[in-house]
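This briefing is meant for a reader who is meeting the structure for the first time. It begins with the chain as a whole and then turns to particular elements and residue pairs.

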Amino acid sequence: MTPMENFDFEIEWQFAEPYRRVDLPDLPDTHPVRVFADYWMTRSEEDSPMPRSEFSPADIPQVIPWLMILERFGDSDYGYRLCGTGCVDLFGIDYTNCELGDHLPEESAETRRREFEEVWREAKPVYSHTRVPIPGREFLRIFRGVFPVSTREDQLDQVFVVIASAEPLGGQRDDIEPA
């Protein structure tokens, strides 16, 4: 039996730290969410998603391990197209090719859906702080950033999610040049 199968989400999840929104200035300058937010802002127009064609992994290699790319299908369902190696290590699960809600307590999946729907509606990023909602990993505190992305002109069809530990990761930030 896997740890997921042996976990009582209703009883044990209540001890996890609640999800809370944070403002971008609250994030350390070198945190992957902050670095990607600064990059995203140089490549998108106000109240518009970043065009996918403006994204180059070579521009921000320090963020790529913490990046997840999700695509929307149906009215409010999302599928993971990519889950970076840092996220896989953090979660202990590779979400690539999974659907939103796989391997998550229902409450956490619903929080993510509401968050994604807001990003979809407003075409603006959302930043948050929470604990990893996975059994055996709930002691890990994380910052999350959810960013709207468009593969077609003016049509939001992807969300990029950057997730990394809220604890210092080390490393230096490279300046991000405007596109």
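Two residues are taken to be in contact when heavy atoms of theirs lie within 4.5 Å. On that basis, among contacts in the protein chain between residues at least 6 apart in sequence, 55% join residues that are at least 24 apart. The model is a predicted one, and of the 179 residues of the protein chain, 48% count as buried.

**Overall layout**

- The secondary structure of the protein chain comes to 4 helices and 7 strands.
- Read from the N terminus on, these elements follow the order α-β-α-β-β-β-α-α-β-β-β.

**Helix 2 and its surroundings**

- Helix 2 covers residues 32-43, which makes 12 residues, and its span of 17 Å from the first C-alpha to the last is close to the 16 Å expected at 1.5 Å a residue.
- This helix is mostly covered, with 10 of its 12 residues buried, and the buried residues are P32, V33, R34, V35, F36, A37, D38, Y39, W40 and R43.
- The elements against which the buried residues of helix 2 pack are strand 2 (50-51), strand 5 (126-131), strand 6 (141-150) and strand 7 (158-165).
- Two of the buried residues of helix 2, R34 and D38, are linked together with D29 in a network of salt bridges.

- Strand 1 (residues 20-21) is joined to strand 5 by 2 bridges, and the two strands run antiparallel; R21 has S128 as its bridge partner in strand 5.
- Strand 5 is also joined to strand 6, here by 6 bridges and again in an antiparallel arrangement, with I142 in strand 6 as the bridge partner of T130.

**Aromatic pairs**

- The count of aromatic pairs, in which ring centres lie within 6.5 Å, comes to 12.
- One of these pairs is formed by Y78 and W120, whose rings are edge-to-face, at 5.9 Å centre to centre and with 70° between the planes.
- Because Y78 lies in strand 4 (residues 77-83) and W120 in helix 4 (residues 106-122), this pair ties together parts of the chain that are 42 residues apart in sequence.
- Both Y78 and W120 are buried.

**Salt bridges**

- The structure holds 11 salt bridges, of which a few are described here.
- R43 forms a salt bridge with D59, and the closest N and O atoms of the two are 3.5 Å apart.
- This pair links distant parts of the chain, as R43 is in helix 2 and D59 is in the loop between strand 2 and strand 3 (67-73), 16 residues apart.
- The side chains of R81 and E71 meet in a salt bridge with an N to O distance of 2.8 Å.
- Since R81 lies in strand 4 and E71 in strand 3, the pair ties together parts that are 10 residues apart in sequence; E71 is partly exposed, with a relative accessible area of 30%.
- R113 forms a salt bridge with E106, where the closest N and O atoms are 3.8 Å apart; R113 counts as buried at 16% relative accessibility, whereas E106 counts as exposed at 51%.

**A buried arginine without a salt bridge**

- What is the nearest side chain of opposite charge to R112, a residue that is buried yet has no salt bridge?
- The nearest such side chain is that of E115, 4.8 Å away, and because a salt bridge requires a nitrogen and a carboxyl oxygen within 4 Å, R112 has none with E115.
- R112 lies in helix 4 and, leaving aside its neighbours within four places in sequence, is in contact with Y19, L100, T130, P133 and R144.

Terms used: Residues numbered from 1 in each chain as written. Predicted model: local features only at pLDDT ≥ 70, side-chain atom pairs only at ≥ 80, totals over all residues. Heavy atoms only, no water. Phe/Tyr/Trp six-rings, centres within 6.5 Å; stacked < 30°, edge-to-face > 60°. Buried < 20%, exposed > 50% of the residue type's maximum accessible area, 1.4 Å probe, protein only. Expected span 1.5 Å × (residues − 1). Lys, Arg positive; Asp, Glu negative; His and termini not counted. Pairing = 2+ DSSP bridges.
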